[in-house]
Amino acid sequence: MNGQLTEHPLAELIHDIFTNRLTGTLRLEHDAVKTVIYCEAGQVVYAATNLRELRLGEYLTKRAVVSEEQIASLGKNLSDLALAAALGTIGAIDRGSVASLFSQQVTDLLSVVLLWTKGTWNFDERTRLGDPLRLKIDVVTLLLETARKLPPTFVSSRIHNLEESISPVTGMPDFGSVSPAEGFVLSRVDSPVPLGSLIALSGLPEAEALRTIYGLALSGFIEREHWPTVLSKSGDAVRVSKAPVTVQKVVEPEPVAPTPEETEESEARDLEDLFRRLEVASTHYEVLNVDTQAEPREIKTSYYALARRYHPDRFHLQAGTAHHMRIEAAFAKIAQAYVTLSDSALRRSYDTKLKALEKMRKVAQDAPKARVDQTQNVLHNMSSKNSVTDDLERAEAFYQEGFAALEQGQTQTAITNLAAAARICPKDARFRAYYGRALSAREETRRLAETEMHAAIKLEPGNTAYRVMLAELYCDLGFFLRAEAEVKRVLSTEPNNPAVRKLMLRLEAAHPPSEKV
């Protein structure tokens with residue numbers, strides 16, 4: 001089977017091999033550069049190229065593993081595998097390090113050739129790797145990183161139908177390689193959704209959303225309805241062979257899809273189970289339902305699984321109701337647990353607090369009665385202080401996530417997170433001001449934005465940045481006289497404020513005859 005990379009890019013060929021667990025050899029050629037990739041049961045086990053910079057000899061000398069003289073003494077035109085064997089024979093490299101060195105080299109090689117979008121390819125399931133060497137290459141991470149680097153125009157050319165369905169998958173890869181933006185998009189795919197709707201839900205610019213969705217599909221986190229596969233359809237590309245089994249065909253009745261009422265009831269029960277679990281959870285580990293020794297990838301996987309099911313944006317039709325506020329509060333607890341446990345420094349600090357509390361409880365259990373009372377008081381004070389500290393950390397985490405979303409134009413995410421921060425710490429002017437700024441991005445919530453900005457100014461009257469935000473809001477509302485009043489207040493203390501100068505030009509261009517009330 002062969003073709004052009006313009007029609008079937010290497011990244012998609014690797015996706016096809018990985019998804020369908022194919023075995024064979026993939027040969028590529030682009031501008032006189034030749035590369036061969038060996039695959040077994042869908043995994044890349046080795047790769048080599050004639051590109052000098054990525055040959056083993058060049059790779060080892062640049063990293064000072066061996067000298068050029070040592071390599072030259074072994075002769076010319078040795079393959080990488082032969083060179084590795086020869087270097088091992090003379091003791092230049094440790095045999096135990098060969099696999100590690102090859103893994104690094106092949107990963108770097110694939111990072112380059114996966115970006116090829118021109119050239120030819122040929123896949124042959126009959127050709128296998130003769131050497132006993134077998135590498136373990138992280139194909140999922142490679143495909144994700146490839147999508148992040150591909151030109152937006154190229155990615156757009158690979159997706160043609162905005163009505164194409166994007167679906168979740170079972171047994172998806174580890175979440176450890178997923179970026180926050182990718183995880184956010186992934187959390188929106190809890191059931192089949194049209195591509196156009198997913199782009200809108202992502203809150204990202206269309207080109208960036210397409211790139212993110214393409215990368216998640218490429219690496220197997222989501223499934224596209226119309227994936228442009230080629231090897232899996234080929235008669236030459238054979239899947240991994242299995243022992244023949246005789247199975248009697250059984251005709252089963254078609255499964256009956258649940259009614260909307262049944263789905264709604266099931267979802268309501270699921271949410272109630274979550275609320276009950278979080279009510280009794282006493283630690284961040286219990287909130288995320290992970291062990292205290294959980295690895296970072298386990299924590300990330302658990303968080304994204306919860307985000308897919310319980311993120312408040314999934315229940316946007318209930319926005320403004322008491323039930324939706326309860327969902328937001330529950331997810332705020334989940335988000336705070338993730339923020340704390342995913343940051344190594346915050347997690348160490350948190351673990352130290354837990355150990356201190358546990359030690360004090362043990363002392364209280366073993367001590368005489370009078371000392372028990374005294375220790376219980378200390379515990380109560382510590383818990384109160386920790387509660388306050390946790391609230392502050394939680395609010396700060398929501399603020400940081402909301403601010404980042406606001407900068408990226410993800411308005412709904414910004415509103416959700418900044419609202420949570422403002423609710424937890426209503427006397428923090430930053431939270432109120434930027435919550436107002438997020439609200440001002442939507443016409444229907446601009447009057448609410450005014451209330452939040454006034455609250456921020458009341459808390460910090462001397463902060464001119466908040467007055468500039470308020471003036472910008474008044475311009476958006478058409479209240480130009482009020483905007484001018486705020487501008488004058490800022491200029492009285494900061495006559496060279498660049499944001500105000502820019503705003504003055506906008507007011508001068510408007511020339512309003514009177515304020516619209």
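# Close-up views of a predicted model

**View 1. Helix H17 and the lining of the largest cavity.** H17 supplies the largest share of the lining of the largest cavity, 4 residues. The structure shown here and in the views below is a predicted model. Two elements give two or more residues to this lining, namely helix H14 (322–342) and helix H17 (411–424). The residues that line the largest cavity are His311, Pro312, Glu328, Phe331, Ala332, Phe398, Thr416, Asn417, Ala420 and Arg423. By class, the lining holds 5 nonpolar, 3 polar and 2 charged residues. The space in the largest cavity is about 70 Å³. The count of cavities of 30 Å³ or more is 4.

**View 2. The open sheet E7-E6-E8.** This sheet has 3 strands in the order E7-E6-E8, with antiparallel pairing. Its edge strands are E7 (193–194) and E8 (222–224), each of which pairs on one side only. Helix H10 (residues 206–218) packs on the sheet and touches E6 and E8. The direction of H10 makes about 100° with that of E8.

**View 3. Bridges made by strand E6.** Strand E6 covers residues 165–168 and pairs with E7 in the antiparallel sense over 2 bridges. Ser165 stands opposite Pro194 in E7, and Ile166 stands opposite Val193 in E7. E6 is also joined to E8, by 3 bridges, and these two strands run antiparallel. On that side, Ser167 has Glu223 in E8 as its bridge partner. Strands of a sheet pair through backbone hydrogen bonds, in either a parallel or an antiparallel arrangement.

**View 4. Strand E5 with its partners E1 and E2.** Strand E1 (residues 2–4) pairs with strand E5 (residues 120–124) in the antiparallel sense over 3 bridges. Within this pair, Gly3 stands opposite Trp121 in E5. Strand E2 (residues 24–30) is joined to E5 by 5 bridges, and the two run antiparallel. Glu29 has Thr120 as its bridge partner in E5.

**View 5. Asn2 in strand E1.** Asn2 is found in strand E1. Its relative accessibility is 54%, so Asn2 counts as exposed, the cut-off being over 50%. Leaving aside neighbours within four places in sequence, Asn2 is in contact with Trp121 and Asn122. Asn2 and Leu26 are 24 residues apart in sequence, and their C-alpha atoms are 9.3 Å apart in space.

**View 6. Gln105 in helix H5.** Gln105 lies in helix H5, which spans residues 95–113. Gln105 is buried because its relative accessible area is 0%, where buried means under 20%. Not counting residues up to four places away in sequence, Gln105 touches Leu54, Arg55, Leu56, Tyr59 and Asp80.

**View 7. Leu142 in helix H6.** Leu142 has its place in helix H6 (residues 139–149). With 7% relative accessibility, Leu142 counts as buried. Its contacts, not counting residues up to four places away in sequence, are with Thr107, Leu110, Ser111, Leu114 and Ile137. Leu142 and Ser219 are 77 residues apart in sequence but 8.3 Å apart in space, C-alpha to C-alpha.

**View 8. Arg21 in the loop between H1 and E2.** Arg21 lies in the loop that runs between helix H1 (10–20) and E2. The phi of Arg21 is near 50°, a positive value in a residue other than glycine. Most residues other than glycine have a negative phi. At 42% relative accessibility, Arg21 counts as partly exposed.

Technical notes: Residues are numbered from 1 along each chain as its sequence is written. This is a predicted model: local features need pLDDT of at least 70, side-chain atom pairs count only at pLDDT 80 or more; totals for chains, interfaces and linings use all residues. Side-chain values use heavy atoms; hydrogens and water are left out. Two strands pair if DSSP finds at least two bridges between them. Contact means heavy atoms within 4.5 Å. Axes are lines fitted to C-alpha atoms, for helices over the stretch in contact, and angles run from 0 to 180 degrees between N-to-C directions. On a 1 Å grid over the protein atoms alone, a cavity is a set of points where a 1.4 Å probe fits but cannot get out, and a pocket is an open set with protein on both sides within 12 Å along at least five of seven lines; lining residues have an atom within 4 Å of a point. Grid points are joined across faces, edges and corners, and a volume is the space filled by probe spheres set on the points. Ala, Val, Leu, Ile, Met, Phe, Trp, Tyr, Cys and Pro count as nonpolar, Asp, Glu, Lys and Arg as charged, and the others, Gly among them, as polar. Buried means under 20% relative accessible area, exposed over 50%, partly exposed in between (1.4 Å probe, protein chains only).
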